[in-house]
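Let's take a friendly walk through a protein model. Have a look at the structure first, then read on.

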Amino acid sequence: MSKETEKQRWQRNFADLLQELRVAQTGVQILFAFLLTLPFSSGFTRTTNFQKDTYIVALLAAAAATAMIISPVAFHRALFRQGRKPELVRFAHRVAIGGLAFMLISMVSAVLLITDFVLGRLAALVLTGVTGAWFLTFWLVLPLAARRNWGDDIDDEDDNPRVLPGD
């Protein structure tokens, strides 16, 4: 197998990133749709001020996640055929991380809202803490540990963003 050119590598990185964003986009869109319909359900009138505040955090975080996860598409359209793939990949990488962070906030807030409504405050706080730790384990701790333990191999399929020019 021959070595890919730098242009091919940037193209592959962008295609890989778009595939990852498609998965995240579906999840955040489903969560956002659920949150948009929630105030119109009959039980929403029984929510406490704390639950309403939690709902607003979840809703706004889902909106922010949606904007960030979809933004590489708009960025690509603005730079289409200008040979700016490295800048696009760097931008998309950063907003993907930001979008996932907002998605985490939205999901954990939604868990807090629902568990507080169904089970009460103490159980909700415990379950939300466990949920947040679970997400952080799989979305941050394990990937960073793998990155540290496996080392950097720039010939690997997943290029380390630290080795990108200009970063």
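## How the helices cross

Helices α1 and α3 cross in a left-handed way. Keep in mind that this is a predicted model. Helix α1 covers residues 6-37 and helix α3 covers residues 85-119; their axes are 10 Å apart and the packing angle is about 25°. An angle under 35 degrees counts as roughly parallel, so α1 is roughly parallel to α3. What kinds of residues make up the contact of α1 with α3? They divide into 19 nonpolar, 5 polar and 2 charged.

Now turn to α1 and its other partner here, helix α2, which spans residues 49-79. The axes of α1 and α2 come within 9 Å and cross at roughly 150°. Angles over 145 degrees count as roughly antiparallel, so that is the label for α1 and α2. The crossing of α1 with α2 is left-handed.

## The overall plan

Time to zoom out. How many helices and strands does the protein have? There are 4 helices and 0 strands. Reading from the N terminus, the elements go α-α-α-α. The protein has 167 residues, and 35% of them count as buried.

## Rings along helix α4

Next up, the aromatic rings. Searching the whole structure turns up 4 aromatic pairs. One of them joins W134 and F138: the ring centres are 4.8 Å apart, with 55° between the planes, and the pair is tilted. Both W134 and F138 belong to helix α4, which runs over residues 121-150. They sit 4 residues apart, about one turn of the helix. Is W134 buried or exposed? Its relative accessibility is 56%, so W134 counts as exposed. F138 comes out at 43%, which means that F138 is partly exposed.

F135 and W139 form a pair too, with ring centres 5.0 Å apart and planes at 85°. Planes over 60 degrees apart count as edge-to-face, so that is what the pair of F135 and W139 is called. F135 and W139 also lie in helix α4, again 4 residues apart, or about one turn. F135 has a relative accessible area of 17%. The cut-off for buried is under 20%, so F135 is buried. W139, at 35% relative accessibility, counts as partly exposed.

## A charge over a ring

Here's a spot to look for on your screen. Where does the charged end of R121 sit? It is over the ring of F50, 3.8 Å from the ring centre.

## Apart in sequence, together in space

P39 is found in the loop between α1 and α2. With 29% relative accessibility, P39 counts as partly exposed. Follow the chain for 16 residues and you can go from P39 to Y55; the C-alpha atoms of P39 and Y55 are 9.1 Å apart.

L18 has a relative accessibility of 22%, so L18 is partly exposed. How many residues separate L18 and P72 in sequence? The answer is 54, while C-alpha to C-alpha L18 and P72 are 8.2 Å apart in space.

Technical notes
Residues are numbered from 1 along each chain as its sequence is written. This is a predicted model: local features need pLDDT of at least 70, side-chain atom pairs count only at pLDDT 80 or more; totals for chains, interfaces and linings use all residues. Side-chain values use heavy atoms; hydrogens and water are left out. Rings of Phe, Tyr and Trp (its six-membered ring) pair if their centres lie within 6.5 Å; planes under 30 degrees apart count as stacked, over 60 as edge-to-face and the rest as tilted. Helices (H or I, at least four residues) and strands (E, at least two) are DSSP runs, numbered from the N terminus. Buried means under 20% relative accessible area, exposed over 50%, partly exposed in between (1.4 Å probe, protein chains only). A charge sits over a ring if NZ of Lys or CZ of Arg is within 6 Å of the ring centre and within 35 degrees of the ring normal. Axes are lines fitted to C-alpha atoms, for helices over the stretch in contact, and angles run from 0 to 180 degrees between N-to-C directions. Angles under 35 degrees count as roughly parallel, over 145 as roughly antiparallel, 65 to 115 as roughly perpendicular and the rest as oblique. A crossing is left-handed if the near helix is turned anticlockwise from the far one by less than a right angle, and right-handed if clockwise. Ala, Val, Leu, Ile, Met, Phe, Trp, Tyr, Cys and Pro count as nonpolar, Asp, Glu, Lys and Arg as charged, and the others, Gly among them, as polar.
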